[in-house]
Amino acid sequence: MMHVRINGTEYEADDGMTILELARKNGIEIPTLCYLEGVSDIGSCRLCMVEAEGYDGLLAACRTQVTDGMVLTTESETLTRYRKSMLELILSNHNLDCMSCPANGRCELQALCNKYGVRHARHSGSRAKIEAKLPVVKDNLFISYDPSKCIHCQRCVQVCHNIACNGALKNGRSGMFHIVEAPFGSDWKKSGCESCGNCASVCPTGALTLKRKADYRNWEVKKVLTTCPHCATGCQLYLVVKDNKIVDVESANGPSNHKRLCVKGRSGSFDFVHSKERLTKPLIKDRATGTFRQASWEEAISYTAKHFMEIKQKYGSDSLAGFACSRSANEDIYMVQKMVRTCFGTNNTDNCARVCHSASVAGLAKTLGSGAMTNPIYDITHDVDCILLVGSNPEEAHPVVGMQIRRAVKDGCRLIVVDPRDIGLSKQADIHLKLRPGTNVAFANGMMHVMIKENLIDHDYIREHAEGFDELKAVVEKYTPEKVGEICHIDPDMLVEAARMYASAKKPL
């Protein structure tokens, strides 16, 4: 522990902690525009400068680690003058059309200018000279980029490269002027952009915005925490509600998404709620005319219950069943199975997740005792050194998981893709085995054959925890790399390399 004095009060600091981290931990506000915790600390905005005894110049709080005995000042007349000057420099190249800006009311630059009493720049910057070369790009269906409002904080670039790990946004130059090359123009479909909107969610101004934000201002809405209804990742998000209508979505710091969202969660998770095609009142078909008529909820529920009971009395309980949607809330699904078991008097209740995952559910239940995922997503995307990805395309099916796998690979994790398709992650894979469809079992047997043959297995663990190993060993004995190569249409040497890579890893999944 180190001891650091800030504004006259002493605080304890951990080794390696920055001034900004220590200040925020203790509720001390230091202004920033470019800093993003765990993502970006490039120190370009220079607003987080603080005074330190023994130093001639100011220190960037986001980039400077504390030292034992350091004495710091975060607010003073000198710092106020300095921050006002930095804000004026930023405004000299900034479009001040705040009234029509979708970020009005949530703009971090606007908030800091209000705090420090900065209304305009004292001189004009160089942006005006190249303004014609930097048009607004808005061909993307969901996101637009206005370079006249960009303050070069590079949050968007850092998020795209380090959180979404896609690399679609890049830094560029127009002469001596820094620009962000945002792929939202007419050729956006040809770019690698996934329209996830994570870049726009961290923009401190109105440069990068989700188009639907133009429909409301922050003071007009309330936010409701919920779970994305799409895939099984379980991303947490806030529904943004204006006048009792959902108008937008914002990411939340959930355990599976960590503020990330994909295009489905951010831009396709709620419009159906207000669809004109959605049925909001019960309809009962008139058998005489063949047309539907509107009914009250009481009539519809009574009508349905009556006919269910008639079927039960005539044909027995097992003539009825309840089938639940996997995207329904747990409470709704609980009520379905409760109704089926108590009212219908049968155990005929099922759900679509069980049907489409019946093979994996059966295999998981037999080998691990539970037909469900055995690890949280964090376990399979963090602190791992080898990922074996078989028959899954998470970048499309579970994009937020795909982002985290890309991050793991970027951090040095090895990746083995086993898939007949050229999926996005196969470009980043150390090994890509293009199995002939339907030969997964032969592949698995071949992997185990190599591991057993080359003694890449944990004998103590097998002896203490496994059953049927001798039988398994006998089965896979005949699955030599050559035979598996013939069955799966893959290179036998690549199979051997994949088995060695996976088996020798310390934390593979």
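Analyst: Contact here means heavy atoms within 4.5 Å, and among contacts in the protein between residues at least 6 apart in sequence, 60% join residues at least 24 apart. This is a predicted model, in which local features need pLDDT of at least 70 and side-chain atom pairs count only at pLDDT 80 or more, while totals for chains, interfaces and linings use all residues. Residues are numbered from 1 along each chain as its sequence is written, and side-chain values use heavy atoms, with hydrogens and water left out.

User: What share of the protein counts as buried?

Analyst: Of its 509 residues, 42% are buried, a term that stands for under 20% relative accessible area, with exposed meaning over 50% and partly exposed in between (1.4 Å probe, protein chains only).

User: What makes a group of residues a nonpolar core, and which members of the largest one touch the most others?

Analyst: The name asks for buried Ala, Val, Leu, Ile, Met, Phe, Trp, Tyr and Cys residues joined through side-chain atoms within 4.5 Å. The largest such set in this protein has 24 residues, of which Val4, Ile19, Leu22, Ile30, Val66 and Leu72 touch the most other members. Among the elements that each supply at least two of its residues are strand 1 (2-6), strand 2 (9-13) and helix 1 (19-25), and helix 1 gives the largest share, four residues. Apart from this core lies another, of 21 residues, including Leu433, Val496, Ala498 and Ala505.

User: Which residues does Ile30 touch?

Analyst: Leaving aside residues up to four places away in sequence, Ile30 touches Ile19, Leu20, Ala23, Arg24, Cys48, Val50, Ala61, Thr74 and Arg83.

User: How many helices and strands are there?

Analyst: The protein has 19 helices and 19 strands, where both are DSSP runs numbered from the N terminus, helices being H or I of at least four residues and strands E of at least two.

User: Why are strand 10 and strand 12 said to stand at the edges of their sheet?

Analyst: Two strands pair if DSSP finds at least two bridges between them, and strand 10 with strand 11 (residues 236-242) has six, in the antiparallel sense. The open sheet has the order 10-11-12; strand 10 (222-227) and strand 12 (245-251) each have a single partner strand, so one side of each is left without a neighbour in the sheet.

User: Where does the charged end of Lys483 sit?

Analyst: That charged end sits over the ring of Tyr479, 5.0 Å from its centre; the rule requires NZ of Lys or CZ of Arg within 6 Å of the ring centre and within 35 degrees of the ring normal.
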